[in-house]
Amino acid sequence: MDYIDKGGIIVYILIVLNTIGFAIIFWKFFTLPRQNAMIQRIKNKTDLNSKSTIISQIEYEVKKLESGLTYIKNIATVAPLLGLLGTVIGVYKSFEAITANGLGDPTIFSNGIALALITTIAGLIVAIPHHIAYNHFISMLDTIELKAKKEIVGLS
């Protein structure tokens, strides 16, 4: 908790984003791996009259499965930027402390450096798993789409 307090508001924002992101990741983790069930659901919803209609319906159904992934992608993108913002704020606070008190005591500017390092670490800790999860889920959706097209339309 001491590190969270030292990181300030930026670390609290990152914790909220991490909680939201992991809720979506767990939701997708339990719903997407059932490829055969997803393909059967797509088959049930498609009208098998024309190939172009079937392909667009498959793409539409896969697009619906992507819901929530934009949030994961945005969290993976924004988290390191928030960490960088905390770094800049921490370095700025260090220079303010040096300007006000001089360089006689290194503990004067250590709080700013601690803020800089903590927010950078927190931003990366949040971003890395979200980035990995996003890429994993996009790969799964691509596989589902290709398999559905192959099974339903006969495309290879």
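Which residues in helix 3 meet which residues in helix 6? In this predicted model, local features need pLDDT of at least 70 and side-chain atom pairs count only at pLDDT 80 or more, while totals for chains, interfaces and linings use all residues. Residues are numbered from 1 along each chain as its sequence is written, and side-chain values use heavy atoms, with hydrogens and water left out.

On the side of helix 3 (residues 35-45), the residues in contact (heavy atoms within 4.5 Å) are Gln 35, Asn 36, Met 38, Ile 39, Ile 42 and Lys 43, and they meet Thr 143, Ile 144, Lys 147, Ala 148, Glu 151 and Ile 152 in helix 6. The residues of this contact divide into six nonpolar, three polar and three charged, where Ala, Val, Leu, Ile, Met, Phe, Trp, Tyr, Cys and Pro count as nonpolar, Asp, Glu, Lys and Arg as charged, and the others, Gly among them, as polar. The axes of helix 3 and helix 6 come within 10 Å and cross at roughly 50 degrees, which makes helix 3 oblique to helix 6; angles under 35 degrees count as roughly parallel, over 145 as roughly antiparallel, 65 to 115 as roughly perpendicular and the rest as oblique.

Helix 6 is also paired with helix 5. The axes of helix 5 (residues 69-101) and helix 6 (residues 107-153) come within 7 Å and cross at roughly 170 degrees, so that helix 5 is roughly antiparallel to helix 6. By class, this contact has 21 nonpolar, twelve polar and two charged residues.

Helix 5 has 33 residues and reaches 48 Å from its first C-alpha to its last, close to the 48 Å expected at 1.5 Å a residue, whereas helix 6, with 47 residues, reaches 68 Å, close to the 69 Å expected; the expected span is 1.5 Å times one less than the number of residues. Residues of helix 5 that are buried (under 20% relative accessible area) include Leu 69, Ile 72, Gly 83, Gly 86 and Gly 90, and the buried residues of this helix pack against helix 2 (9-31) and helix 6. Helix 5 is followed by Gly 102, whose phi is positive, near 85 degrees, and helix 6 by Gly 154, whose phi is also positive, near 95 degrees.

Glu 66 lies in the loop between helix 4 (51-65) and helix 5. Its relative accessibility is 26%, and Glu 66 therefore counts as partly exposed, a class that runs between the buried limit and the exposed one, over 50%. Not counting residues up to four places away in sequence, Glu 66 touches Lys 28 and Leu 141.

Notes:
Axes fitted to C-alpha atoms, helices over the stretch in contact; angles between N-to-C directions. Helix = DSSP H or I, 4+ residues; strand = E, 2+ residues; numbered from the N terminus. Buried < 20%, exposed > 50% of the residue type's maximum accessible area, 1.4 Å probe, protein only.
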